[in-house]
Amino acid sequence: MVLVQADGNKSLSANDSLVIDEFEETVAGMEDSMKSFMDNIVKQLMPHAIRIGLKSKASITCLVDLSNIVTNVKKLNAWAIRMMDAIGKPSGGILEGTSTALGDYDECLDIKYDRITGEYCLLEIKPPGTVVEAMKDYQVNKGRTNHSMATTKSFLGFLQKVRTNPDHVIFRLGICVPSSCTKEGIQSILELAAGDFDIPIEVAHCEHKSSFHFTPHQTLIITFIVFFVVLVMLGTFISIIRTYHDESPQSPSIKAENSNTETQKVSEKSFLQKLEALSRLSLCQNTRKLLNYDSEEDATDVVRGIKVLTVIFAIFAHTYALPHPLHLYRFRNTFNFTKFIDEVLFGAVANSSVGVDTFFFLAGFYFVYNRWRLTKRPNIFPYILKFISVMFIRMIAIQILVGSLFFLLPTVGSGPLWPEFVEGPLNNCIKSWWRNLLFIQNFLGPYDICLYPTWIFATMMQIFLITAAIVYVMHRWPVYGIITNLLTLALAMIGICIVTGIANYPATLTIYFYDYRTSIYFWKYFYTQFYAHIGPQCIGMLTAYFLSEYPLRKIDKRFVIPLWIICIVTISSIIFGLHSYRDGQEMVRGLAIFYAAVHRPAFAMALAWMVYACCAGHGGIINSLLTLKAFIPLERLCYIAYMLHIPIMYYQGGIQRERMFMGHYNQVMCFISYTVASFALAFVCYLFFQVPYDVVEGLFFSKSAGNIWGANPVTVSQDTLKTNDEEKASVDEETQSIKSKVLFNRKEETERF
């Protein structure tokens, strides 16, 4: 049996050797076939390549390296094949809007052989001029277009119905070349190669691995960040020591200690008192304050929920429609976005621009309510001056914070689309940062502004300067103040009618009415200007005035439900009422002018009813939603999160290596990740940057001097807090007796109702 088994093993070994030999012969034959195939291709292309290379502006080193790559591809050398493999290849779905073939960015940059290293270049291939003209003609004339491509039965007829700017419809292809080739050299080679075709090709950018160095700006920003981190950590350490010192029981032996020890303890206590300001930077204390769920049981509970939901919805809308020309074209099946437009519920995104007026409504509300709700109201002139000054400083501070973090993005990321998504917006800040300090960035286009969301700050500050006079009149002569407010609202509506009619602008900023000819002008000279949004801010001021100045009265049940129906129908009509224009039909001019003038004030009126009804105990489930306790800490973070979400989206676009499918599920997943990332980063910024700022602000705007923000435990000293508590105890009875004049307690009113 042993001899038989040994003989069998010899037979198996012989068979295995035979299989291996056959496999090696097959692989060798396959390699020979591939080498022969590549050799034939090179022989056919080499004469053209030599002719183009000699005429091009590429350097000799670049041409030699390219020739070396071709030679090694013929030999099937791994590094040369990897360079070919890193080049993007068009995939299926081009007719569905898949317009990018990025290749393998990291594989290209990792290639190194002898003195040849990989360099990644992104090519932008534009459609033929006739196709671009057809797309523009279709956007202007819609179904009435007479262009020759409108009746063609080929696939080109489908391309004309693209719903974005035709000048942004570009096919992007990633290629891998030697690092010795410059952008200009590659451009000249491509121009000569495509000279016989009407297809413009441009090298957008080229990138190869190089040693990274911090710029002076980045070094300065990192230094300040380290300073704040050390400051906060030191404050945390001091707070822990003080807590331990205050809570530790005194030993009986303390009385027997000598005078030197007592003097030393007094000295230590004095030193700790001097460090009291630093202890207020404690991470532990401020985290507890941030997560504190105590509310004031007044109208701010309702508007808090509106503010948080508005910020979250803004992140949702920008997930679908990020204000960047390359946003849609980094997806597969981009034309699915056109299919989304046909969905009724997608109108919330397509016509989401009206949502920004919620911010202006809330700004007007706080401008009045922060003073009129107080039992002991500060003088009007100091109040207006403090309010505008604090708003100005806070807006500058948050722009500096977010801008500084934005400048650090190049230190933590890279990608095939990095120059378009990150370096482009950074260059805008380098060129126009001073406009943000003067609050005039709202006169720039959406792709030219530094920190896109800050146009709201500029417009809001301009409106504050105008409505400051109205606030004074409302204080000095209430009736005339209300009339002035209404007159300002009426003048703004008249101005909107005139501008819309003369400039032939669309009824509103929506995807339905997109026109490549007027969209940029509509943005710069209408949508971001103060007269387009002063109406909602005036309505917010009136809402706050009536809530705080007059006792709330219960509304008859017979009127509550109809008023809620009117409110819901108004909001729904404004948001979803334009769905019938989804195919781009032009609205009748008279109706367009009326809609432009009325829809934003009507939206603000619906918000005013929502706030009033919830405060008066008629809110029901809506009141329960808006006053969720979870919104209390989120409200403290929402404006920082709002400012951060656009840079986070830019960062995601910059580091993206491959196309994503354009579908609702993927967009919702992105929205959730953007929201979580924005609020998580806002949480960190709050503890390490906003709290130190609040401490400094509290030194200048303490409550004893008339703090317009009320009792903020972060911004006032402990002595001031103690004084405030004593004052509060002394006026509790007075406050309780006149509480109905300020605002009914919502819980009491709900139970009574």
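Arginine 371 sits over the face of tryptophan 372, 4.8 Å from the ring centre. A charge counts as over a ring when NZ of Lys or CZ of Arg is within 6 Å of the ring centre and within 35 degrees of the ring normal. Keep in mind that this is a predicted model, where local features need pLDDT of at least 70, side-chain atom pairs count only at pLDDT 80 or more, and totals for chains, interfaces and linings use all residues. Residues are numbered from 1 along each chain as its sequence is written, and side-chain values use heavy atoms, with hydrogens and water left out.

**Rings meeting rings**

A pair of aromatic rings is described by the distance of the centres and the angle of the planes. Here, rings of Phe, Tyr and Trp (its six-membered ring) pair if their centres lie within 6.5 Å; planes under 30 degrees apart are stacked, over 60 edge-to-face, and the rest tilted. By this rule there are 43 aromatic pairs. Take tryptophan 79 and tyrosine 113: their ring centres are 4.5 Å apart and their planes are at 10°, so the pair is stacked. This pair links distant parts of the chain, 34 residues apart, with tryptophan 79 in helix α3 (residues 78–85) and tyrosine 113 in strand β2 (residues 112–113). Helices (H or I, at least four residues) and strands (E, at least two) are DSSP runs, numbered from the N terminus.

Now look at phenylalanine 316 and tyrosine 320, whose ring centres are 5.4 Å apart with planes at 65°, so this pair is edge-to-face. Both lie in helix α12 (residues 299–320), four residues apart, or about one turn of the helix. Why does that spacing matter? An α-helix has 3.6 residues a turn, so residues three or four places apart point the same way. Phenylalanine 316 and tyrosine 320 also belong to one aromatic cluster, along with Phe313, Phe337, Phe340, Phe346 and Phe671.

| Residue | Relative accessibility | Class |
|---|---|---|
| Tryptophan 79 | 9% | buried |
| Tyrosine 113 | 37% | partly exposed |
| Phenylalanine 316 | 22% | partly exposed |
| Tyrosine 320 | 4% | buried |

**Strands side by side**

Two strands pair if DSSP finds at least two bridges between them. Strand β3 (residues 116–125) is mostly covered, with nine of its ten residues buried. β2 and β3 run antiparallel, joined by two bridges, and lysine 112 stands opposite threonine 117 in β3. Their hairpin has two residues between the strands, and aspartate 114 takes a positive phi there, near 55°.

β3 also pairs with strand β4 (residues 171–178), in the antiparallel sense over eight bridges; there, glutamate 124 stands opposite arginine 172 in β4. Seven bridges join β3 to strand β5 (residues 201–208), again antiparallel, and cysteine 121 has cysteine 206 in β5 as its bridge partner.

Threonine 100, in strand β1 (residues 100–101), is buried at 2% relative accessibility. Leaving out residues up to four places away in sequence, threonine 100 touches Phe171, Arg172, Tyr329 and Arg659, where contact means heavy atoms within 4.5 Å.

**A helix with a kink**

Helix α18 (residues 455–476) has 22 residues. In α18, 16 of the 22 residues are buried, so the helix is largely enclosed by the rest of the structure. There is also a kink of about 35° in α18, centred on isoleucine 466; the bend at a residue is the angle between axes fitted to the seven residues ending there and the seven starting there.

Key:
Buried means under 20% relative accessible area, exposed over 50%, partly exposed in between (1.4 Å probe, protein chains only). The expected span of a helix is 1.5 Å times one less than its number of residues.
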